[in-house]
Amino acid sequence: MSATADATLDLAGRHLARGLTGNAIALLKRVLSEDPENALAHALLSHALVGERRIHAALHEGRIAVELDPENAFSHRALAGAYVGLRKFDEAREHCQRSIELSPEDPDAHLELSRVELVQGRTREAELAAIRARDLDPDDPNVLAILGRCQLSRGSVDEAERSAREALECSAENASALILMGHILLYRGEIEPAREHAVSVLYSAPESKEALELLVAIKIRTSFLLGLWWRYSVWTAIWPTRAIAILVAAFLLQSAARIWARAGGAPISAETISLAWFALCAYTWISPAIYQRALKKELAEVRLRDDF
Amino acid sequence: MARAENYRILDEPVPSPLERLTVNPIWPFFSMMFAGAWLAWPWFLVNSFALGARTKRGDIALVVGTVLVTAGVVAGLSALVVSGLLSEQFQPYALLIPLGLRVTLAYVLYLRQARTFELFEHFGGLAKNGLPIVFAGALLRSLVLGSGTGFWALVLG
């Protein structure tokens, strides 16, 4: 691999760490244009594409990475990330285990397994993997942050806070630790401090998805209607087939209700049903724009305290 | 943003000679509701080619399959009406079946194209405004479908 490619890959990795997936993808495409057999570039590209929710493309790149270099632990971790995006957790776990077999002393390998278990709600297994990662590298703030997330998921807020503070002592500006602390504060009902933590991460990493997720969580707590739309959007994203089935069923039900109302000599009821359905459609169409505006307002208005 | 470098990622839109006809897939979806499937299905297919979507063949298969199934359902319902097995009271409810098929396909096609459209815009593509076509389709609806009770009106309405 040329020195230029090495430097480009290194820069791409740093962009990824800051959540700048678009920049990373552009750099990785440049490397792959010159060297399509570069397994590391494919693995990093897979990781970046997961960040952009381009999951099928991420899976494709992850598979190429593993084909080109099956003994590379990072390739397996990248592919695991893509499988998580497709909600194929068994396959994800399999590749995480393979990554650990190839590199048992690498805390990142155990950390990825912890993330996979956490996404699936297997908090006990996630915490065990995070503890193994911490034993290998006790001063890694990312490891401590994941451990904290596991503890928060099982309701141990005090333990999670200790992990978060430990992570922030290692690195006061670590994004994952700041976000974890934000979630802990939100859990305790401290909305403004939680928001400050999200914004502080966005100051240094404007495209941080974790920070945006925290702001979304805050918004859900503070606005019922937007929270309702958000939960609906997440549900349709996770289960698109069920969402289509339920929406079509609702459409047909309201159509049948209108026919029945007219046949029963109640045209006003039929029109009321039409209006209600129209209002629901309008809500789902307009909500994304309202939500984006509310989020932008959130980002523009919040300022960090001087002593933050 | 400039167009892609030499290495093409799997889901990136392939440049298409029809690119200037690209619209947000929400417009063909709206045309389904306000004009009818006679406009929506061809428009979805043109948009699929314009976007350079990798799902083109699947979209064609879905449209053809749904038209055939809907035609079969309408033919079946007609046979039930002729044989007297489907009374006039229940005919409006029975017609919800082909309507449900059309709405389902419209929604599926919209979702299939929405992601590719996001990428199209991400790479600097400029979409056309589909509102004039939806408006024209709504005005032409009765001209194209007639009274709305004929076989093809029920299949493509």
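**Chain contact and helix packing in a predicted model**

In the predicted model, the contact takes 27 residues from chain A and 24 residues from chain B, contact meaning heavy atoms within 4.5 Å. About 2,200 Å² is buried between chain A and chain B, and carbon and sulfur atoms give 69% of this area; buried area is the accessible area (1.4 Å probe) that two parts lose on being put together, summed over both. Of the area that chain A buries against chain B, 29% is supplied by Lys29(A), Arg54(A) and Ile244(A), more than by any other three residues.

Local features need pLDDT of at least 70 and side-chain atom pairs count only at pLDDT 80 or more, whereas totals for chains, interfaces and linings use all residues. Residues are numbered from 1 along each chain as its sequence is written, chains are lettered from A in the order in which they are written, and side-chain values use heavy atoms, without hydrogens and water.

Within chain A, the axes of helix H3 (residues 39-51) and helix H4 (residues 55-68) come within 8 Å and cross at roughly 160°. H3(A) is therefore roughly antiparallel to H4(A), a term for angles over 145 degrees. Helices are DSSP runs (H or I, at least four residues), numbered from the N terminus, and axes are lines fitted to C-alpha atoms over the stretch in contact, with angles from 0 to 180 degrees between N-to-C directions. Residues of H3(A) including His42(A), Leu45(A) and Leu49(A) meet residues of H4(A), among them Ala58(A), Glu61(A) and Leu68(A).

His15(A) lies in helix H1 (residues 3-17) of chain A and is buried, with a relative accessible area of 16% (buried: under 20%, 1.4 Å probe, protein chains only).

Definitions and conventions:
Helices (H or I, at least four residues) and strands (E, at least two) are DSSP runs, numbered from the N terminus. Angles under 35 degrees count as roughly parallel, over 145 as roughly antiparallel, 65 to 115 as roughly perpendicular and the rest as oblique. Buried means under 20% relative accessible area, exposed over 50%, partly exposed in between (1.4 Å probe, protein chains only).
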